[in-house]
Amino acid sequence: MVKSAQTMCFEILEQAKGMAKQLRGSNDVMLRVSPHVADAFRATERAVLEEIEAHFATPVTIEADPHLHQEQFDFAVV
């Protein structure tokens, strides 16, 4: 079974909460995800993305990477 894009958005939120103290106040945070997860963040799960941005206290740039499996993601500080 593969987790849905919506489920992944919430899993990413949970990881962001744990990382927020380390990255809080960074200039720019980038989140690399599969295209389906990126689409979910830009549409139906926009509120989840806004919550992630609130935890980091900075905008989060979403990068859709077609080479990533739907359950893969990573954060980077730019």
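Mentor: Start with burial: buried means under 20% relative accessible area, exposed over 50%, and partly exposed in between, with a 1.4 Å probe and protein chains only. Phe75 has 15% relative accessibility, so Phe75 counts as buried. Phe56 is buried as well. This is a predicted model, in which local features need pLDDT of at least 70, side-chain atom pairs count only at pLDDT 80 or more, and totals for chains, interfaces and linings use all residues. Residues are numbered from 1 along each chain as its sequence is written, and side-chain values use heavy atoms, leaving out hydrogens and water.

Trainee: How many aromatic pairs does a search of the whole structure find?

Mentor: Rings of Phe, Tyr and Trp (its six-membered ring) pair if their centres lie within 6.5 Å; planes under 30 degrees apart are stacked, over 60 edge-to-face, and the rest tilted. The search finds 2 pairs. Phe56 and Phe75 have ring centres 5.5 Å apart and planes at 65°, so this pair is edge-to-face. Phe73 and Phe75 are also edge-to-face, at 6.3 Å and 85°. Phe56, Phe73 and Phe75 form one aromatic cluster.

Trainee: How are two packed helices described?

Mentor: By the angle between their axes and the distance between the axes. Axes are lines fitted to C-alpha atoms, for helices over the stretch in contact, and angles run from 0 to 180 degrees between N-to-C directions. Helices (H or I, at least four residues) are DSSP runs, numbered from the N terminus. Helix 1 (residues 5-23) packs with helix 3 at about 10°, with axes 8 Å apart.

Note on methods:
Helix = DSSP H or I, 4+ residues; strand = E, 2+ residues; numbered from the N terminus.
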